[in-house]
Amino acid sequence: MRRAVQRFLESEGYTITTASDGIEALDRMNEECPDIIVADIGMPRMDGYAFYEAVRSRQDGVQIPFIFLSARSDKAEIRRAKDLGAEDYIIKPFHPEDLAVAIRARLRRAHEIREATEAGTELLKEQ
């Protein structure tokens with residue numbers, strides 16, 4: 001599944017870095033901070049919830065949009081992910097375009113927030 005998602009997103013023009021679990025993903029984040037994270041909940045060594053918390057505990061991870069992509073369709077699981085603060089939750093099986101739309105929307109919103117923050121900082125400097 002990871003390879004299929006990677007191939008699809010690369011065909012959409014994204015540069016993708018993958019990891020087999022949350023621990024490996026955190027290690028990779030030490031090398032390069034991603035623009036967005038798409039993670040499963042059921043991962044070895046560190047599940048998606050623990051990975052989410054670890055990302056959010058990092059100074060550079062607070063503003064990264066986070067999407068869960070999981071086969072867990074139980075309403076309690078979806079509510080838990082949203083209660084944590086995940087920007088989206090997509091249930092497998094899914095249509096690839098649904099993932100692409102979610103990614104585009106979250107990246108666009110993150111860009112808007114960065115621009116607004118920078119504009120506010122500039123305004124404060126001027127004042």
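Arg80 lies over the face of Tyr49, 3.7 Å from the ring centre. Tyr49 also belongs to a cluster, linked by ring pairs, together with Phe51, Tyr52, Phe66, Phe68 and Tyr89. The model is predicted.

**Aromatic pairs**

- There are six aromatic pairs in the structure.
- Tyr52 and Phe68 form a tilted pair, because their planes stand at 35° with the ring centres 6.2 Å apart.
- This pair links distant parts of the chain, with Tyr52 in helix H3 (residues 48–57) and Phe68 in strand S2 (residues 66–70), 16 residues apart.
- Tyr52 and Phe68 are both buried.
- Phe68 also pairs with Tyr89, again in a tilted arrangement, at 6.3 Å centre to centre and 50° between the planes.
- Since Phe68 lies in strand S2 and Tyr89 in strand S3 (residues 88–91), the pair ties together parts 21 residues apart in sequence.
- Tyr89 is buried, as is Phe68.

**Largest pocket**

- The lining of the largest pocket consists of 35 residues, and Ile16, Thr17, Thr18, Ile36 and Val38 lie nearest the pocket centre.
- At least two lining residues come from each of helix H1 (2–11), helix H2 (22–31), strand S1 (37–39) and helix H5 (96–126).
- H2 gives the largest share of this lining, with five residues.
- Sorted by class, the lining of the largest pocket comprises 20 nonpolar, seven polar and eight charged residues.

**Second largest pocket**

- The volume of the second largest pocket is about 180 Å³.
- Its lining is made up of 13 residues, with Pro34, Asp60, Gln63, Ile64 and Arg114 nearest the centre.

**Tyr14**

- Tyr14 counts as partly exposed because its relative accessibility is 22%, and buried means under 20%.
- Neighbours within four places in sequence aside, Tyr14 is in contact with Leu9, Ile103, Arg104 and Leu107.
- Between Tyr14 and Leu124 there are 110 residues of separation in sequence and 35 Å in space, C-alpha to C-alpha.

How values were computed:
Residues are numbered from 1 along each chain as its sequence is written. This is a predicted model: local features need pLDDT of at least 70, side-chain atom pairs count only at pLDDT 80 or more; totals for chains, interfaces and linings use all residues. Side-chain values use heavy atoms; hydrogens and water are left out. On a 1 Å grid over the protein atoms alone, a cavity is a set of points where a 1.4 Å probe fits but cannot get out, and a pocket is an open set with protein on both sides within 12 Å along at least five of seven lines; lining residues have an atom within 4 Å of a point. Helices (H or I, at least four residues) and strands (E, at least two) are DSSP runs, numbered from the N terminus. Ala, Val, Leu, Ile, Met, Phe, Trp, Tyr, Cys and Pro count as nonpolar, Asp, Glu, Lys and Arg as charged, and the others, Gly among them, as polar. Grid points are joined across faces, edges and corners, and a volume is the space filled by probe spheres set on the points. Buried means under 20% relative accessible area, exposed over 50%, partly exposed in between (1.4 Å probe, protein chains only). Contact means heavy atoms within 4.5 Å. Rings of Phe, Tyr and Trp (its six-membered ring) pair if their centres lie within 6.5 Å; planes under 30 degrees apart count as stacked, over 60 as edge-to-face and the rest as tilted. A charge sits over a ring if NZ of Lys or CZ of Arg is within 6 Å of the ring centre and within 35 degrees of the ring normal.
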